[in-house]
Amino acid sequence: MSAVLSPAPPATDRAAAAGGARAVLALARFEARKLLLSAPVLLAFVVYVGWIVWRTPQSYDGYPALQDADRATQGGPLLVGMAVLLSANLAVLRSRRHGTEDQFAVLVVPRGHRTAAQVLALLPVVLLTAACVAGQFTWEALKPGAVGHGSPAELLAGPLAVLLFGAVGVLLARLLPVPSAAPLLSVCFLFLFVLGAFSFQGEGTRWLSPVVSEAGTTPFPSDLLGRPAAWHALYLAGAALCLAFLAVLVSGARGLTVKAGLALTLAVAVTGAVAQSGADSPALAAARERVSVSPEKAQTCVERDGTRYCAFPEWVPRTAQWASVVDRVRSLTGPAAHDRPLLVRQRIDARYGLDADTAIPSATRRNQVTVGTAWGGNRVPEFSTAVAAVLVAGSEAASGSMCDGRMVTVMWLSLSWQDDPVGALRRVRLDDSVSGSAVVLSPTDPLSMTEGQTDVVRRLLQRPPAGVAGKVRAHWAELTSPKVTTARVAELLGVAGPGKADSCEE
């Protein structure tokens, strides 16, 4: 006896049409659960969440600029995207690997609907990625030292990249139904996007990458970023949905809805790609020039205990931290400097874009101290050194040419009040040393210490600060004289002198 398969009767076709949407959703729920519990996706989320928990507490030294923190959420989802690409591809090929493709042909859910269900199954993992992104950014935003404003479009880049990679995996399975294709493509994407082995070079073409990072480390005010984040999010969404509709189309679903969706999402992707490829506008270039050359035109100033603090609007809350450093340094000086009015001005050079870390020249105006847009960590001793140098030499420009014993006074004022003075000495020097000659970092042009000055400063930092402070106040005029030698400073402050004479050319 033999059985003959005959075409389904019209009643069955009508039932399939009526229950098609429910069947697709039911299959999507099943596939979404399988995708979330697949080994690559589970491992990727464990690594991703672990990276967030490990990195975020110490990130930005506790003082994030949120317009940078939103971009920092974009790298981790790429790892999840690799795993989703691989797992989604294997899920589509499951029936072929297990030899059950012929059995699927007799179901009421056709091949195109099954592909649509595989695409819908990507949504839960995309939403979970979005939750991780939101958690990471919220953690940064809740830090007491946070300033600035994040961009929703920047935060969307990571989850949309996961959707894009998942759609690539589904489409690849329909175009090239070979199990080895997805792992090879995942490795290529890993090197291209995650490890940065390749990047688009042009100003416009670089935005074709799922995630676009910047090499510079100087935070910019939000209105000077010039990143087409909204257009990029539109491009990613359009590209992901376009690939999803294309996967459904090549699976055999030729309906008008699929074709219209493909055309519409392709138009969205092209619109986003073209709009994001433009160069910086003349208005943006002019604004960057203005804040670089004349920052006072874009700043808000506040007065604290005789010192005027001028900052870009987003950084005004941070003036309290700057004032704390100024007050600590000023409290150790002599009467001539104790009540001297200072101007602390925030300065950046934004003319060369986000990728550049341009050095800021020393201010020539007397009693003006420069502070940058980053804070915390090494930025604190660097700023305190600039404050001390201005109080001793009169201006940043004058302090850059110090080649005498005043450098000892500057470094003791800068470091003695800190929790770990010797550690701060190490961090503020370019070579991370506490002996020998070295370059001393500051927000503007660096200073320099000779070997003898380093020895004297290290001995002073090992003494109780209160005892040294009294001698600094008593001998302030001589300690800040351009003619004072390192040996004389050591004698006045009661420590052993240097083994070598002063020389800035050691």
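The secondary structure of the protein, taken from a predicted model, comes to 23 helices and six strands. Of its 506 residues, 49% count as buried, and among the contacts between residues at least 6 apart in sequence, 74% join residues that are at least 24 apart.

Four of the strands form an open sheet with the order β1-β2-β3-β4, in which the pairing is mixed. The edges of this sheet are taken by β1 (300-304) and β4, each of which pairs on one side only. Direction ignored, neighbouring strands of the sheet are turned by 20° against each other on average.

Within the sheet, strand β3 (residues 342-346) pairs with strand β2 (residues 307-311) in the parallel sense over four bridges, and its pairing with strand β4 (residues 368-371) is likewise parallel, again over four bridges.

Helix α14 (residues 319-330) lies across β1, β2, β3 and β4 and runs at about 145° to β2. Helix α16 packs on the sheet as well, where it touches β3 and β4, and its direction makes about 170° with that of β4.

The largest nonpolar core has 68 residues, and those with the most contacts inside it are Phe-383, Met-411 and Trp-412. Helix α16 (residues 379-393) provides the largest share of this core, with 10 residues. For Trp-412, when its neighbours within four places in sequence are left aside, the residues in contact are Leu-332, Leu-460, Leu-461, Pro-465, Val-468, Ala-469 and Val-472. Apart from this core lies another, made up of 48 residues, among them Ala-83, Val-84, Val-119 and Ala-153.

A further packing arrangement involves helix α2 (residues 39-55) and helix α8 (residues 122-141), whose axes come within 10 Å and cross at roughly 5°. Since angles under 35 degrees count as roughly parallel, α2 and α8 are therefore roughly parallel to each other. From α2, the contact draws on Val-41, Phe-45, Tyr-48, Val-49, Trp-51, Ile-52, Val-53 and Arg-55. These residues meet Val-125, Leu-128, Thr-129, Cys-132, Val-133, Gln-136, Trp-139 and Glu-140 in α8. By residue class, the contact of α2 with α8 divides into 12 nonpolar, two polar and two charged residues.

How values were computed. Residues are numbered from 1 along each chain as its sequence is written. This is a predicted model: local features need pLDDT of at least 70, side-chain atom pairs count only at pLDDT 80 or more; totals for chains, interfaces and linings use all residues. Side-chain values use heavy atoms; hydrogens and water are left out. Two strands pair if DSSP finds at least two bridges between them. Helices (H or I, at least four residues) and strands (E, at least two) are DSSP runs, numbered from the N terminus. A nonpolar core is a set of buried Ala, Val, Leu, Ile, Met, Phe, Trp, Tyr and Cys residues joined through side-chain atoms within 4.5 Å. Buried means under 20% relative accessible area, exposed over 50%, partly exposed in between (1.4 Å probe, protein chains only). Contact means heavy atoms within 4.5 Å. Axes are lines fitted to C-alpha atoms, for helices over the stretch in contact, and angles run from 0 to 180 degrees between N-to-C directions. Angles under 35 degrees count as roughly parallel, over 145 as roughly antiparallel, 65 to 115 as roughly perpendicular and the rest as oblique. Ala, Val, Leu, Ile, Met, Phe, Trp, Tyr, Cys and Pro count as nonpolar, Asp, Glu, Lys and Arg as charged, and the others, Gly among them, as polar.
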